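Here is a friendly tour of one protein model, written for someone who likes to know the cut-offs. Please have a look at the sequence and the structure first.

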Amino acid sequence: MSITPKITSVRVCRVKNHYPHQGSRDYFLQNLGLRVGKLEVDVADIRVNLAALTTRSEQFATKSDITELRGELRAEMGELRGELRAEMGELREELRGEMGELREELRGEMGELRGEMGELRGEMAAMRGEINGFRGEFSGMLHKAIHKQTVLILTIVPASLAVVAGVSAWFS
């Protein structure tokens, strides 16, 4: 049974189970060629990856790029704020003007309604006068009717009683 040395690290060329005799040194030298070949393949992969990363890193933003963009954004935001404030001021003035116009229209319509209410009050006062006149006429007519009925009752009832007394005296 032969014991083969094991590689523990690519960086450190150390062989486990190293024996002081000549056979292990030959194996180490043979194995060194394999290890160097693997190392060359790994270095080639690293070069490809490094080239890809270098290509990608050319598109990365630098601190100065970010600072420049930040300045541009701040300038644009300042311009937009100014425009927004100006538009808000214009809208505020338009709204105030429209509210003033509506206020004047409302005052005019309220004045018209007050005039119409005054006319209605005058008409209602005239109707009250007419109703009071009708009430007076009706009251006078009612008094006359009641007076007539009272006179009739006062004359008919005693006459009727006299007739009844006469008829009853006749039969008795």
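## A pair in helix α2

Glu 104 has a relative accessible area of 48% and is therefore partly exposed; the classes used here are buried for under 20% relative accessible area, exposed for over 50%, and partly exposed in between, with a 1.4 Å probe and protein chains only. Its partner in a salt bridge is Arg 107, at 3.2 Å from N to O. A salt bridge here means a side-chain nitrogen of Lys or Arg within 4 Å of a carboxyl oxygen of Asp or Glu.

Arg 107 and Glu 104 sit 3 residues apart in helix α2, so about one helical turn separates them. Helices are DSSP runs (H or I, at least four residues), numbered from the N terminus. Arg 107 reaches 51% relative accessibility and counts as exposed.

Residues are numbered from 1 along each chain as its sequence is written, and side-chain values use heavy atoms, leaving out hydrogens and water.

The protein has a mean pLDDT (the predictor's confidence in each residue, from 0 to 100) of 84, and 86% of its residues reach 70 or more. Over residues 5-15 the pLDDT is below 50, and this stretch has 17 contacts in the model beyond near neighbours in sequence; contact means heavy atoms within 4.5 Å. Where pLDDT is low, the predicted coordinates should not be read in detail.

## The other salt bridges

How many salt bridges does a search of the whole structure find? The search gives 3. One of them joins Glu 93 and Arg 96 at 3.2 Å, N to O. Both residues lie in helix α2 (residues 63-171), 3 residues apart, about one turn of the helix. Glu 93 is partly exposed at 48%, whereas Arg 96 counts as exposed at 52% relative accessibility.

Asp 42 pairs with Lys 38, with 3.4 Å between the closest N and O atoms. These two are 4 residues apart in helix α1 (residues 22-57), so they are separated by about one helical turn. Asp 42 is partly exposed at 28% relative accessibility, and Lys 38 is partly exposed at 49%.

Key: This is a predicted model: local features need pLDDT of at least 70, side-chain atom pairs count only at pLDDT 80 or more; totals for chains, interfaces and linings use all residues.
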